[in-house]
Amino acid sequence: YDTWRDSGILRYIARKRTAKYSPSGKYIILTHVDSSAMVLESATGKVHQVLGNHSQLVTSAEFSKDEKYMLTSSADRKINIYEVASGKLVRTLKGHREVIFDARFSTDGKYVLSVSWDGTLAIWDWQGDDYRFIDFGGTSPYEIQMSKNDLYLAVGNLGNSLSAYEFDSGEKAKSFIGQTDIVGSIVFDNENNLISGSWDGTVKVWDFNSATLIAKLGGFRGGVFAVAANNSGLIAAAGADKKIRLWDYKTNKVIHELEGHNSAVTGLSFDNVNGRLLSCTEDGVIKIWDVKTGKEIYTRLQISTSEWLATNASGYFDGSSDALKNVNYVSGNEVLPINSFFKKYYSPGLIDRINKGEAFDETGSLFQGKMKNVPDVSFELANKRGGELINEEDTISNWGEGSIELALNINSKGID
């Protein structure tokens with residue numbers, strides 16, 4: 001980032017970090033993984049593809065509606081299009097002069113739409129050679145969506161406005177009045193209503209045909225950075241206050257408030273097949289939620305293209321070998337080393353096992369109780385070599401089960 005000419009762009013890019021389900025729910029695509037995007041198998045959490053053809057940060061990603069293709073946009077000013085099955089790069093689109101904030105497929109998959117810091121919106125016939133630009137003059141378009149019938153483009157820009165443009169002519173057709181800050185996220189529901197989330201802390205539902213407001217949700221402490229709508233008309237919204245609201249706008253009731261993230265939520269995506277919601281934060285943490293119950297199913301963090309961690313609410317965990325070395329359990333102000341809990345809670349294939357229905361302690365009370373019972377213990381190792389102590393770590397854990405467990409590591413090797 002320190003090489004970019006305008007550091008003011010960084011806050012706009014940070015709030016674009018996201019993850020999305022494919023239409024079938026089979027895959028999840030992640031942005032902001034170094035200069036790559038990653039595609040995961042949602043059933044197992046395993047990496048399906050690493051899309052590493054960009055030279056700078058990946059800012060957006062999406063699947064086509066038929067799930068045959070996926071695209072990524074980047075700060076390197078390019079859009080790449082890949083085959084989902086093979087991960088093969090099939091097309092690169094060039095023409096923007098600055099960072100691309102957002103890119104989407106049209107509903108029919110024939111076009112790619114993109115918006116950039118350079119103040120333009122581009123429409124690409126990605127399987128042909130035609131493309132055209134719409135110039136926004138003194139402001140930059142930030143978020144784009146296409147209406148369900150592919151007749152209009154809905155655009156939120158950094159000038160605090162939300163508008164619709166006629167696809168064929170590129171002329172402005174509608175303005176959605178009442179924005180007091182940046183509209184950072186927009187989506188169409190199944191009824192072709194337009195839902196917008198604004199940095200002014202509101203979510204609005206618009207009748208797209210008349211451009212009139214039909215519902216509004218406030219109460220957010222800070223900006224709304226992400227909105228999503230499922231096939232049943234339920235709206236998910238979240239942002240700076242780290243809390244996700246599931247809102248039925250027709251009854252104006254918040255069905256669930258989902259809490260657990262420790263930083264701003266910047267991405268939301270529904271899996272309509274399996275009844276799940278994915279949330280993503282600006283620090284890269286992903287949580288999967290059960291829409292019906294509002295319960296967290298698991299958490300996953302992609303640290304780099306090769307390092308990752310997964311946990312559930314009870315403290316069971318899985319991850320890459322190097323990532324596991326950096327895991328600690330936190331209880332209040334205390335940090336406890338992973339080797340205190342490794343044998344009890346390390347669960348290889350955790351995501352796969354959860355998705356196959358394996359039962360875990362969902363309350364987390366057992367795990368938290370065990371953490372509270374870890375006493376402060378110190379001792380000196382009698383066995384010395386060459387007059388100096390061997391490198392050691394010691395932990396004694398009282399598991400509340402009538403016994404004391406001793407875990408001893410010497411030169412990074414565990415001894416029972």
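Strand β3, residues 36-41, runs antiparallel to β4, and 4 bridges join the two. One place to look is valine 39, which stands opposite glutamine 49 in β4. Keep in mind as you click around that this is a predicted model.

Now for the empty space. Rolling a probe the size of a water molecule over the atoms shows where such space is left. The largest pocket holds about 940 Å³. It is lined by 42 residues, and those closest to its centre are Glu62, Lys65, Arg104, Gln145 and Val187. Several strands supply at least two lining residues each, among them β1 (19-21), β5 (58-63), β13 (141-146) and β25 (265-271).

The largest cavity comes to about 60 Å³, and its lining includes Arg17, Leu30, Cys280 and Gln302. Strand β2 (residues 27-33) gives the most to that lining, with 3 residues. By class, the lining of the largest cavity splits into 5 nonpolar, 4 polar and 1 charged.

The second largest cavity has a volume of about 50 Å³, and this brings us back to β3: along with β27 (285-290) and β28 (296-302), that strand supplies at least two of the lining residues. Leu40, Glu41 and Tyr298 are among the residues lining the second largest cavity. The lining has 5 nonpolar, 2 polar and 2 charged residues.

Last, the aromatics. The structure holds 23 aromatic pairs. In one of them, tyrosine 316 and tyrosine 345 are tilted, at 4.8 Å centre to centre with 55° between the planes. Tyrosine 316 sits in the loop between β29 (308-311) and β30 (317-319), while tyrosine 345 is in helix α3 (residues 342-345), so this pair ties together parts that are 29 residues apart in sequence. Both partners are tucked away: tyrosine 316 is buried at 16% relative accessible area, and tyrosine 345 is buried at 2%. Elsewhere, ring pairs link Tyr12, Phe101, Trp117, Tyr142, Trp199 and Phe225 into a cluster.

Conventions:
Residues numbered from 1 in each chain as written. Predicted model: local features only at pLDDT ≥ 70, side-chain atom pairs only at ≥ 80, totals over all residues. Heavy atoms only, no water. 1 Å grid on protein atoms, 1.4 Å probe; cavity = no way out; pocket = protein on both sides within 12 Å on 5 of 7 lines; lining within 4 Å. Points joined across faces, edges and corners; volume = space filled by probe spheres on them. Pairing = 2+ DSSP bridges. Phe/Tyr/Trp six-rings, centres within 6.5 Å; stacked < 30°, edge-to-face > 60°. Buried < 20%, exposed > 50% of the residue type's maximum accessible area, 1.4 Å probe, protein only. Nonpolar A, V, L, I, M, F, W, Y, C, P; charged D, E, K, R; others polar.
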